[in-house]
Amino acid sequence: ALTPSVIWLGNYRSLVGDSALNKLMIDSNITLCWLFKRKIGTGDPIAYDEAGNEWTAEGLSALLLKKLVFDAEKFIDKNVSGATITVPVHFTTKQRSGIINAAKIAGLNNIVLLDEPIAAAMHYGISTSRSTTEQRILVFDLGGGTFDVTILLLKEKNFYTLASHGDKNVGGQDIDEIIMKM
């Protein structure tokens, strides 16, 4: 199942994913937090709950990760203590640290970060275990909040990022809004 990256912050409680979207359908006056990944690593407050408490992108990301862990544990009937989390290739060290902090807040201890273009290549069947020749792979990533194009090199059973360029402040959601305004 997919979990939308949206959060509603109430009075010392929150709703994540579909629950938050369902609340919006009932009450169109509420405010949802979304696209907060763009602000990760800044430490700046970006949202306030109904009690007036400040929330950073790391805190919101931790809520989202807690929901994902809860759902995974329910599905596999086992505790989850670690995760591989994909991040945009352009994320800085500070932003990557923000993701790791969010994962720790969510109770995850064993955390691996994987660049999204590499995850995409792996998802579509590019395998390091079957690679006997050097390959160059173009990954076009138009995500909800970012857009980038990356050229990967698969060589000697390892992925290397040769080049990446894009806009970390423009993504599919922004394009959707432009189309809706038109």
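Colleague: Why is Phe 140 called exposed?

Modeller: The relative accessible area of Phe 140 is 57%. A residue is buried under 20% relative accessible area, exposed over 50% and partly exposed in between, with a 1.4 Å probe and protein chains only. Phe 140 is therefore exposed. This is a predicted model, in which local features need pLDDT of at least 70, side-chain atom pairs count only at pLDDT 80 or more, and totals for chains, interfaces and linings use all residues. Residues are numbered from 1 along each chain as its sequence is written, and side-chain values use heavy atoms, with hydrogens and water left out.

Colleague: What makes Phe 147 partly exposed?

Modeller: Its relative accessible area is 26%, and so Phe 147 counts as partly exposed.

Colleague: How many aromatic pairs are there?

Modeller: Rings of Phe, Tyr and Trp (its six-membered ring) pair if their centres lie within 6.5 Å; planes under 30 degrees apart count as stacked, over 60 as edge-to-face and the rest as tilted. The count by this rule is one aromatic pair. The ring centres of Phe 140 and Phe 147 are 5.2 Å apart and their planes stand at 70 degrees, so the pair is edge-to-face.

Colleague: What makes Lys 23 count as lying over the face of Trp 8?

Modeller: A charge sits over a ring if NZ of Lys or CZ of Arg is within 6 Å of the ring centre and within 35 degrees of the ring normal. Lys 23 lies over the face of Trp 8, at 4.7 Å from the ring centre.

Colleague: How do you know that the span of helix 3 agrees with expectation?

Modeller: Helices (H or I, at least four residues) and strands (E, at least two) are DSSP runs, numbered from the N terminus. The expected span is 1.5 Å times one less than the number of residues. For the 13 residues of helix 3 (residues 93-105) this gives 18 Å, and the end C-alpha atoms are 18 Å apart, which agrees.

Colleague: Which residues of helix 3 are buried?

Modeller: Gln 95, Gly 98, Ile 99, Ala 102 and Ala 103 are buried in helix 3. They cover an arc of only 135 degrees around the axis (taken from the directions from the helix axis to the C-beta atoms), and therefore lie on the same side of helix 3. The face turned away from that buried side carries the exposed residues Thr 93, Lys 94 and Lys 104.

Colleague: In what sense do strand 9 and strand 10 pair?

Modeller: Two strands pair if DSSP finds at least two bridges between them. Strand 9 (residues 147-155) and strand 10 (residues 158-167) pair in the antiparallel sense over nine bridges.
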